[in-house]
Amino acid sequence: MSSKKEPGGGWGWIITLACFIEHILYIGSINTLGIYHVYIMDEFNEDITAVTLIGALYISVSISGAIFAVFLNEKFGERLVIMSGGFLVFIGYASSFFVTAFPVLYLTMAIIPGIGMSFSYCSLLVAVDKYFTERKFIAMSLAILGGSFGMVIMPILVESLLQKYGFHGAILVHAGISLHVIVCGAVVFPLPTENISRKSKANKKVDMKFCKEPKFIVYLITNFLFIPAQYIPATQLPETAVSIGIGMDEISLVVAMLGVGSGFGRLFFGFLSHCFFNHVVKFWIIFLAGMGLMLLMVPYSTKIEQFLIFAVLYGFFDGGNNVGWNLSLKNLLEPQYYGRAMSLALLAEGFGCAIGNPLTAFLRETTGSGGIPYFIGCAILCVSAVILIPFSNVKQTFQEQEIIIFDESDSELEKIKIHDDCYEEYIKINESTCICKTDINEK
C-alpha cells in the first residue's frame, strides 16, 4: 500500500473544510470585537478600559480553555466536544440579546462563548492533525486560512448589522451564525484506529516529559508574549481611528483589509513550510519581528489610506504568524506530544491575552497617548522573536512507521504507512511497526 495514503482517506479534506469554516467564525469574531466595543461604549455608557476587558476575556478564555478540550477529546472524542462548544457559543451570544446591565456581558459575550470556542478551535485542529500524514502541513495551512476570510467577512457583516439593528439585534444574528460550528463538528468522525477501549487509554500514565525541555519552555514564553500584542489592532484600532475622526464604515474596511493581508501571509507561510520544513522556526521569527515593526506605523497614521496600508502589511505578517506558531511546534517536539503541547501553548496565550490587552488599554487611557499600546506591542513582538533564535535550527526527523490493524480474531484489516511516530493508542512492536486492535463491527 502506498505511503501516500492518508489515515482517513479523502474524508480528511472534509474535516479541513470544517476547520476552515470554524476559523472564519472564530477569528472573524475576534476581529469584530473592536467594532462591538465602540457600540457597547455608547449603549452602556462605559469607558474603553472596561469594555476592552470583554474582548480580553473572550480571547483569553477561548485560547486557554484548550487545555481542557484536549482531555475531553481523549475521553469523549473530538466530534462531541466540537458540537458542545458550538452550542455554548450560541447560548452565550443569544443571552447577550437580553442583557441590560453591562457587567453581565462579561459572562454572556466573553466567558460562555469563549469556553465554547476553546472546545471547537483546539479540537478541530487536532482532528485535522489526525487525518493527515504526508499532506498534514498543506491541510493545516488551508484550515487556518479560514481565519483570513473571517477577518474580511465578519467585520463588514457585523458593522452592517450594528447599523441596521443596533447592538442587541446584531448579537442575536451573530448567535445564529455561530450555530454553524455544530455542523462543523458533526462531520468529524473518528478514525477506524480510534475505535479502541477508552478505559484502557484512561489507565495509561500521561507522558508530559516534554514540558521540561528548554526549547518548549521558550516556546511557551514566546506564546505568552506575542498574543497580547497580536490582538492590539483587532481590539484597539477602531477606537484609535475614531479618536482622529475616521468613520466606522472606513474602520470596518480597515479591519477587513487585515484579513486580506492575513490570507496572503498564511498562504505564503504554508508554502514556505511545505518546501522548507526544517526552517519553519526561522520563518516564524521573521514574521514575529515583522508584526512588531508594522505596529510602529499606527501612531503616525492620520489618514484612512495610511491605515489601509498598515492593515495589509500587518495582516500579512500576522497571517504567517498564525500558521507559524502551530507548525513550529511540530519542528520542536515529537508528534505524539502535539495535542497536549498545543493545549499548554494556548493556555500560555490565554494568560498573556488576559493581562496584555486590558493593561495597554489602561495605559492608553491614563497617559492620554494613543500610541502607547502600539509601542509596547512592537517591543513585545521583537522580544518574542529574539528569544526563539537559539532554537531556530532544531528539527525533528522520523523514519517511516507502518500501522497494522487487526480485528478481534487477529485477522489483518488494514496497513497504513505514516511519517510520524506512532500515537499512544498503538502498540509499538519495533522501530518501524505498530499494531492496533479494533472491533470489526465498529469499522
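I began at Thr52, which, leaving aside residues up to four places away in sequence, touches His37, Asn357 and Ala361; contact here means heavy atoms within 4.5 Å. I noted that this is a predicted model, in which local features need pLDDT of at least 70 and side-chain atom pairs count only at pLDDT 80 or more, while totals for chains, interfaces and linings use all residues. Residues are numbered from 1 along each chain as its sequence is written, and side-chain values use heavy atoms, with hydrogens and water left out.

I then looked up the accessibility of Thr52 and found it buried because its relative accessibility is 0% (buried is under 20% relative accessible area, exposed over 50%, partly exposed in between, with a 1.4 Å probe and protein chains only). Thr52 lies in helix 3, where helices are DSSP runs of H or I with at least four residues and strands are E runs of at least two, numbered from the N terminus.

**Helix 3 and helix 6**

I followed helix 3 (residues 48-64) to helix 6 (residues 105-131), and the two pack at an angle of about 20° with their axes 7 Å apart; axes are lines fitted to C-alpha atoms over the stretch in contact, and angles run from 0 to 180 degrees between N-to-C directions. Helix 3 and helix 6 are therefore roughly parallel, a label for angles under 35 degrees, with over 145 roughly antiparallel, 65 to 115 roughly perpendicular and the rest oblique.

**Helix 12 and helix 13**

I next took helix 12 (residues 248-275) and helix 13 (residues 280-295), which pack at about 155° with axes 10 Å apart, so helix 12 is roughly antiparallel to helix 13.

**Whole chain**

Lastly I recorded that the protein chain has 16 helices and four strands, and that buried residues make up 58% of its 443 residues.
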